[in-house]
Amino acid sequence: MNNNKVPLSSLFISFFSVGAITFGGGYAMLPFLESEICDKKKWINSNELFDFYAIGQCTPGVIAINVATYIGYNKRGVLGAIFASIGVIAPSIIIITIISSLFINFQNNEYVISAISGIKVVVCAIMSHTIYKLIKKSIVDKTTFVLFLLALLLIFVFSINIIILILSSIVIGIIVKKVKRNLNYDK
Amino acid sequence: MISDIFLLYFEFFKIGLFTIGGGLAAIPFINELSITYPTWITSEDISNMIAISQSTPGPLGVNMATFTGFKVAGVIGGIVASIALASPAFIIIMIVSKYLKHFNDKWYVKDAMYGIKSVVLALIIFAVSKIFIYTLFNIDFSIKYLELSLYLLFLILYKFIKIHPLYFIFAGALTGILFKLPT
């Protein structure tokens, strides 16, 4: 990583442009980030970016913001982190605010209603596809399958608090892995 | 109004802190907001929110935060909710920045992820099941046949045609207008 002083404005502009052209966030953002911050600006190389994506999967928050904060902080400290992450969220704030205010005026227009209903159907299809991919990635053995079913039961039937559920899944994951290691089930 | 803004910041900070692995994981929390604060956002709003957030640029989570914040407290609300969502990541990444290179290889991170992934998956399924029901079924649980057939058609097309999802969003909007789909 070269540490020539990167102007704050260029951190802001680069991340603003990535935020403004990516649809869907997360993985959809990767190619755009790569072309902007690896190929064009050479702030980090592609390998570092891919590593970062893997990390983004296990740290809290929106991946785009994680990447922006990380690069901004490494280039220009706290101010850099602020400029880069504000840059990546600014387009969303502007666009969604405009659309929401229009939507309040247009939500009774029959064409808008039909278009939104059509989009919802497509969004269901896209989400089904994403969930299918998540199932393949997340349910890797009998233990994770049982955890998954147990979680479904606790949510659907007992409406358990989400935060308690996530925190206990961390504890359970660590305990189960430890027990398995001690019994020599894996590694 | 002021107290709403503080509450918005607090709630979206919490969402930012517990959203692990992408925007979809924020949906269960926003669902919960609709129960805790019925005046903020309704289930109907949430399905509109997801449709709009998917069809506009930017990270899904940030779009949903802006949408909810805007509904609650106008432009300021949208800004506050998005910054709140970003805050935990911002703080955490700066703190762990030095150790990040090997963060992924730590055994406790891997073990924790092992447990979290399947539970977050269950949470996502719970959250989106409501959207599926609203979109594909009527209030009396009878099937919306037209919507269901279009859903199956798009599901197959999406699986086999590798083009940008945005084209599908456009196609969905046009199909909706063409078939005069109701709410």
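Predicted model: local features only at pLDDT ≥ 70, side-chain atom pairs only at ≥ 80, totals over all residues.
Student: Which residues touch the most other members of the largest nonpolar core?
Tutor: The core has 102 residues. Its largest share, 18 residues, comes from helix H4 (residues 60–96) of chain B. The residues that touch the most other members are Ile65(A), Ala84(A), Leu85(B), Val119(B), Leu123(B) and Ile124(B).

Student: Which residues does Ile65(A) touch, not counting residues up to four places away in sequence?
Tutor: Ile65(A) is one of the core residues that touch the most other members. Its contacts take in residues of chain A and of chain B. They are Ser85(A), Val88(A), Ile89(A), Ala86(B), Ala89(B) and Phe90(B).

Student: Which residues of helix H2 (residues 27–36) of chain B are buried?
Tutor: The cover over the buried residues of H2(B) includes H7 of chain A. From chain B, it includes helix H1 (2–18), helix H3 (43–54), H4 and helix H6 (107–136). The residues of H2(B) that are buried are Ile27(B), Pro28(B), Phe29(B), Ile30(B) and Leu33(B).

Student: Why is chain A described as more spread out than a compact globule?
Tutor: Chain A has seven helices and zero strands, in the order α-α-α-α-α-α-α from the N terminus on. For 187 residues the globule rule gives 16 Å, and the radius of gyration of chain A is well over this, so the chain is more spread out than a compact globule. The radius of gyration is 21 Å.

Student: What box do the C-alpha atoms of chain A fill, and what percentage of its residues count as buried?
Tutor: Taken along the principal axes, the box is roughly 55 × 55 × 25 Å. Of the 187 residues of chain A, the part that counts as buried is 42%.

Student: How many helices and strands are there in chain B, and what percentage of its residues count as buried?
Tutor: Chain B has eight helices and zero strands. Its C-alpha trace spans about 55 × 45 × 30 Å along the principal axes. Of the 183 residues of chain B, the part that counts as buried is 50%.

Student: What distance separates the centres of domain 1 and domain 2 of chain A?
Tutor: The domain assignment gives domain 1 (8–106), domain 2 (110–137) and domain 3 (139–187) in chain A. Taken over C-alpha atoms, the centres of domain 1 and domain 2 of chain A are separated by 24 Å.

Student: Which element of chain A has the lowest mean pLDDT?
Tutor: Chain A has a mean pLDDT of 85, with 90% of its residues at 70 or more. Among its elements, helix H6 (residues 142–156) has the highest mean, 93. The lowest mean, 73, belongs to helix H3 (residues 46–58) of chain A.

How values were computed
Residues numbered from 1 in each chain as written. Chains lettered and ligands numbered in written order. Domains from an automatic or database assignment. pLDDT = per-residue confidence, 0-100. Helix = DSSP H or I, 4+ residues; strand = E, 2+ residues; numbered from the N terminus. Core = buried A, V, L, I, M, F, W, Y, C linked by C-beta atoms within 7 Å. Buried ≥ 20, exposed ≤ 12 C-beta atoms within 10 Å, placed from the backbone. Contact = placed C-beta atoms within 7 Å. Rg over C-alpha atoms; globule rule 2.2 N^0.38 Å.
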